[in-house]
Amino acid sequence: MESSTKSIPMKEILDAPLNVIGFENSEISPQKIFGYFLVAKKCCNPFDVLHGGVSALVAESLASMGAHVASGFGRVAGVHLSIHHLKSANLGEIVYAEAKPLNVGKSIHVWEVNLWKKNSLNLGERILISSSRVTIKTNMPIPKNVKDAGVNIKKYAKL
């Protein structure tokens, strides 16, 4: 495993769609979001390889989570996602994901998100699966009905 090997508990309260695919967060900070998941059948296209939409889901989710933390737990919304699918990940492989900020402004963040797997012939080598840029609108007003939306992620963020 990379970064911290300790999984953050209660992942379903952090991001429900990521929970559905079995994503495990292991680092949450304003500088980096890191985690991993096993490519299960529910993540695959009909050819038993990771579906590109799942890669996009992971990218936008991690970038949004990172922007939420880096902006002081304000409301965020993805406004643009650009993703390059470079290699495939097969059913049963572990995919690692890391999001890092490229620009943290007052109202716009840009995050880079990379997904990779380990080379089975050289475990120290990464094989890049996808590379994304995600633009996030930040510091939006928080509606009264979700005013406590940032409470759960605050418990796990390294500040």
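Is P143 buried, exposed or partly exposed? Hi everyone, let's start there. P143 is partly exposed, because its relative accessible area is 31%, and buried would need under 20% while exposed would need over 50%. Please keep in mind that what we have here is a predicted model.

Where does P143 sit along the chain? Look in the loop between β6 and α4. If you want a sense of distance, take L102: P143 and L102 are 41 residues apart in sequence, and their C-alpha atoms are 28 Å apart in space.

Now to the sheet. We have six strands in an open sheet, paired antiparallel, and the order reads β1-β2-β4-β5-β6-β3. The edges belong to β1, residues 24-28, and to β3. Each of these two has a single partner strand, so one side of each is left without a neighbour in the sheet. From one strand to the next, the twist averages 20°. As a quick reminder, strands of a sheet pair through backbone hydrogen bonds, and they can do that in parallel or antiparallel fashion.

Let me pick out one pair. Strand β2, residues 33-38, and strand β4, residues 94-104, run antiparallel and are joined by six bridges. If you'd like one to find on screen, I33 has A99 as its bridge partner in β4.

Next, the nonpolar core. The largest one has 32 residues, and the members that touch the most others are F37, L50, V58 and L62. Which elements give two or more residues to this core? They are β2, α3, β4, β5 (108-118) and β6 (126-140). The largest share, eight residues, comes from α3. In soluble globular proteins, nonpolar side chains tend to be buried together.

Two or more lining residues come from each of α1 (11-14), α3 (52-70), β3 (75-85) and α4 (151-156). Here too, α3 gives the largest share, with four residues. How does the lining divide by class? The tally is nine nonpolar, six polar and three charged residues.

Helix α3 is the one to remember, as the largest share of the core and the largest share of the pocket lining both come from α3.

Notes:
Residues are numbered from 1 along each chain as its sequence is written. This is a predicted model: local features need pLDDT of at least 70, side-chain atom pairs count only at pLDDT 80 or more; totals for chains, interfaces and linings use all residues. Side-chain values use heavy atoms; hydrogens and water are left out. Ala, Val, Leu, Ile, Met, Phe, Trp, Tyr, Cys and Pro count as nonpolar, Asp, Glu, Lys and Arg as charged, and the others, Gly among them, as polar. Two strands pair if DSSP finds at least two bridges between them. Axes are lines fitted to C-alpha atoms, for helices over the stretch in contact, and angles run from 0 to 180 degrees between N-to-C directions. A nonpolar core is a set of buried Ala, Val, Leu, Ile, Met, Phe, Trp, Tyr and Cys residues joined through side-chain atoms within 4.5 Å. Buried means under 20% relative accessible area, exposed over 50%, partly exposed in between (1.4 Å probe, protein chains only).
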